Amino acid sequence: MKKWHRRARLEPKWFDEGNGKKEDMYQILSKVDYSDDVFMQVIEAPAVAAACQAGQFIILMIHEEGERIPLTIADFDREAGTITIVVQAVGTSTRHLQTLGKGDSLTSFIGPLGQPSEIEKVGTVICAAGGVGVAPIYPIARALKEAGNKVICIMAARNESLLFWEDKLREVSDELIVTTDDGSRGRKCLVTEPLKELCEAGGIDLVYAIGPGVMMKFCAKTTEAYGVKTFVSLNSIMVDGTGMCGGCRVSVGGETKFVCVDGPEFDGHQVDFDVLMSRQRQYLKQEKASLDAYLSHASGQDESATDATATDATACNRAVAASV
Amino acid sequence: MRLRRMRLRATGRWLQVSEVTQTVHGDRPARKPKAPKIPRTDMPCQPAAQRAANFEEVTLGYDSDMAMLEASRCLLCKKPKCVLGCPVGIDIPAVVRMIAAGDPAGAIAKLKETTSFPAVCGRVCPQEEQCEQLCVLGVKQEPVAIGRLERYAADWEFAHGTTGEDAATTPQIAPRKGKHVGVVGSGPAGLTCAGELAKMGYDVTLYEALHKPGGVLVYGIPEFRLPKAIVARECEYVESLGVKFKMDHVIGRTLTVDQMLADGHDAIFLANGAGLPSFMNIPGENLNGVYSANEFLTRSNLMKAYRFPEYDTPIAVGKRVAVIGGGNVAMDAARTALRLGAEVHLIYRRTLDEMPARTEEIHHAEEEGIVFDLLANPTQIIGDEDGWVKEIEVIDMELGEPDASGRRRPVPLEGSERRIPVDVVIVSVGTNANPLLTKSTSGLDLTKWGNIVADEHTLATSKERVFAGGDIVTGAATVILAMGAGKTGARSIDRYLQGEPLLTAEEEEAVKGPSHQTAVAS
């Protein structure tokens, strides 16, 4: 399945073959599934690979009717001109992306966006990753290691099947702690437990915590008690990723900041995680409606059956909005 | 019987033509006949009730009869004032005369000598403050509808497909000069500059951060005011001139200006636009359901969220929407929310008289049923337990003494706070300069607001080989001013790359006192 919906286009197609735009498509060079929901893709994007640094993100579009999806860069290869992303399939767009593999193309791949991590030699650094947070923390851990820091990584997941990149992370860390909620691998505990123990023992100069909002919130709370500076990487909803829409705004130290321009990394002790998490839930209803439509379509309906007219779409949009 | 009155320029003879009989009444009448008062021709519109529920274009444009009739109202002044009101100096009387004579092909050719995008300007220029404001006919009657005629000519060209090779308007492209210019931003300033430079024979690459070209014409102005098909055609026109488009390039991130200069660009024009939305800094602005107008419009226009779920990007529509602000952007956001099915309240702290939006837009918004809540200023936004907007609190204002801008300053009436139940709030109170490009560029002087400092007449910046124009220099302004800047930028870059002074001696004389230094960056 390439495109699950093809519509009559109102506009002349800008990206038509033959007008030189085709070369601007971004090819997926490889894809690996890590679990039912989590997958990795390597995408050819030389301009982004040439410029990107640890801590930055990209925005991709699968097709022209698609969303702009922000994703943190998991790895990059400047020589090969590739960017690696690790994605958890949650909604329509990420589910759709999951169906794409080697040889498929994306219409847009924009980046690098956001500020790079400030990598310095500070001493001992903990990199705590929750769930797919392992992916964005990997290039940061590697850069910290290369800068001469002692790097302790903690990777946490709900269960063993959701763990990935353990070997990769082990390569760039002096010490690696694995935790799962159910104890199926490593310690049976939450990420905050080893984090707390390490802070308690002292000698920690810096903490990076990347994962779901609630995980970062509690990591920041844990380290705050010990006064250890903690960076978190925020994943708010955004459209353009260049500062234009302001949808990604978060409250940091009482000030409104834009994740795409000022972040994505912020001082975890200053971030209002409740606002962040609340804003992340902004489109739950629409996301569900969209996913239901996508899944029912993907389960084998005739493509033409869902060819809603613009009017229908607007009506549906209204219905969704009314229920919000 | 309708009469058209035409004056033949060659002979100065007055002719009155009856449309019914097609006969000419009188040859050089003994007494100059009193000009028949043809009223300004109304442009057909979709009925308000109908258009409030769709995203199709509100105004429908003149047909050829209407255009000829309207054009025939022109007095063909010897010293046409309208031209003075046009930021790019279109030869308006010539265009109007050709339309009156039934020659839209000639008119569009004439227009395109000066403006690259008449279909856009004819729709979104504030003509009532420019050419039409100065129209002599406007003293006693209503001015000639120059904007509508411009639109007519441009639409005629599209309809008749004369953009092809055999077109009357096929632009002359000078021999290649072997120099490469980078243009940053594909909005009106960037597109114009790129097009002009390509016509002069330069190799031009146009860099755009978003996935579609057009800048504000695509993400900002809604479909019902400027159909995106028109923008796409204008972009294709620019591409047909040989301009290379590079989408998905965020200058300042993907590439820096310094890298571009080191990497084979002989000169660069920065037209990256206005940028970051401002908020009001009142409590509750981070609640769910609070949008910047930029976000609301970008979701709807660029991402086509108004066609969700056909398109994947969602938008919160709301039952009752408050739009804060009184500019064109506020009007666009309000009318978009209305079309998505909401009841819309536009909250503005002054009165209709001070409102910066175009009269036509205000008029259309009123017709469509936008509720104007004037002399009111938001003080806070109140949320429900789920973090969603529930109410907005406003305080009533009265107009006090005029401020520096000459507008009467609104003063809050103590104790007049009241709450309006709403579930979406759209903040449209202006923008700040985007720092992505400017912060990553060495040696570029900025104003204290973060806008690029560029010479008023040459658009040269403090950085060698770099010129800048449009909203990134002026702050948020109009499409036509940005196009004007694009033209000026192209002229300056051409002169710079040819080793000529940026201003000719005459221009220098005209625009500057003797003490003024040339603005050639050094």
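Let's begin with a charged pair in chain B: B:Asp203 and B:Arg176 form a salt bridge, with N and O 3.1 Å apart. This bridge connects distant parts of the chain, since B:Asp203 belongs to strand β4 (residues 203-207) of chain B, while B:Arg176 sits in the loop between α8 and β3 (180-184) of chain B. The two residues are 27 residues apart. B:Asp203 has a relative accessible area of 32%, so this residue is partly exposed. B:Arg176 is partly exposed as well, because its relative accessible area is 47%. Keep in mind as you look around that this is a predicted model.

Side chains of opposite charge can pair when their charged atoms come close. In the whole structure, a search finds 42 salt bridges over all chains. One of them is in chain A, where A:Arg187 and A:Glu193 form a salt bridge whose closest N and O atoms are 3.2 Å apart. A:Arg187 is partly exposed, at 30% relative accessible area, and A:Glu193 is partly exposed too, at 41%.

Now return to chain B for a pair in another setting. The side chains of B:Arg335 and B:Glu361 meet in a salt bridge of 2.7 Å, N to O. B:Arg335 lies in helix α14 (residues 328-339) of chain B and B:Glu361 in helix α15 (residues 359-368) of chain B, so this bridge ties together parts that are 26 residues apart in sequence. Are these two residues buried or exposed? The cut-off for buried is under 20% relative accessible area. B:Arg335 has 1% relative accessibility, so this arginine counts as buried. B:Glu361 has 2%, so this glutamate counts as buried too. The pair also belongs to a network of salt bridges that share partners, which joins B:Arg51, B:Arg225, B:Asp332, B:Arg335, B:Arg339, B:Glu361, B:Glu367 and B:Glu368.

Staying in chain B, have a look at helix α4 (residues 104-114), which is mostly covered. Eight of the eleven residues in this helix are buried. They are B:Pro104, B:Gly106, B:Ala107, B:Ile108, B:Lys110, B:Leu111, B:Lys112 and B:Thr114. What lies over them? The cover on the buried residues of α4(B) includes α3 (92-100), α5 (118-124), α8 (146-160), α9 (188-200), α11 and α18 (479-497) of chain B.

The size of an interface is often given as the accessible area lost when the parts come together. For chain B and chain A, the buried area is about 5,500 Å², with 55% of it on carbon and sulfur atoms. On the chain B side, B:Arg253, B:Asn286 and B:Asp312 lose the most area to chain A, together 14% of what that side buries.

Which kinds of contact cross this interface? Between chain B and chain A the count of salt bridges is zero, whereas 19 residue pairs are in polar contact across the interface.

Aromatic rings are the next stop. A pair of aromatic rings is described by the distance of the centres and the angle of the planes. The structure holds ten aromatic pairs over all chains. In one of them, the ring centres of A:Tyr26 and A:Phe109 are 6.0 Å apart and the planes are at 40°, so the pair is tilted. A:Tyr26 is in strand β1 (residues 26-33) of chain A and A:Phe109 in strand β8 (residues 108-113) of chain A, 83 residues apart. A:Tyr26 counts as buried at 10% relative accessibility, as does A:Phe109 at 1%.

In chain B, B:Tyr291 and B:Phe296 form an edge-to-face pair, 5.3 Å centre to centre with 65° between the planes. B:Tyr291 is buried, with a relative accessible area of 1%, and B:Phe296 counts as buried at 0%. Back in chain A, ring pairs link A:Tyr34, A:Tyr138, A:Phe164 and A:Trp165 into a cluster.

Note on methods
Residues are numbered from 1 along each chain as its sequence is written. Chains are lettered from A and ligands numbered from 1 in the order in which they are written. This is a predicted model: local features need pLDDT of at least 70, side-chain atom pairs count only at pLDDT 80 or more; totals for chains, interfaces and linings use all residues. Side-chain values use heavy atoms; hydrogens and water are left out. Buried area is the accessible area (1.4 Å probe) that two parts lose on being put together, summed over both. A salt bridge is a side-chain nitrogen of Lys or Arg within 4 Å of a carboxyl oxygen of Asp or Glu. A polar contact is a pair of N or O atoms within 3.5 Å; within protein, one must be able to donate a hydrogen and the other to accept it, and residues adjacent in sequence count only if both atoms are side-chain atoms. Rings of Phe, Tyr and Trp (its six-membered ring) pair if their centres lie within 6.5 Å; planes under 30 degrees apart count as stacked, over 60 as edge-to-face and the rest as tilted. Helices (H or I, at least four residues) and strands (E, at least two) are DSSP runs, numbered from the N terminus. Buried means under 20% relative accessible area, exposed over 50%, partly exposed in between (1.4 Å probe, protein chains only). Contact means heavy atoms within 4.5 Å.
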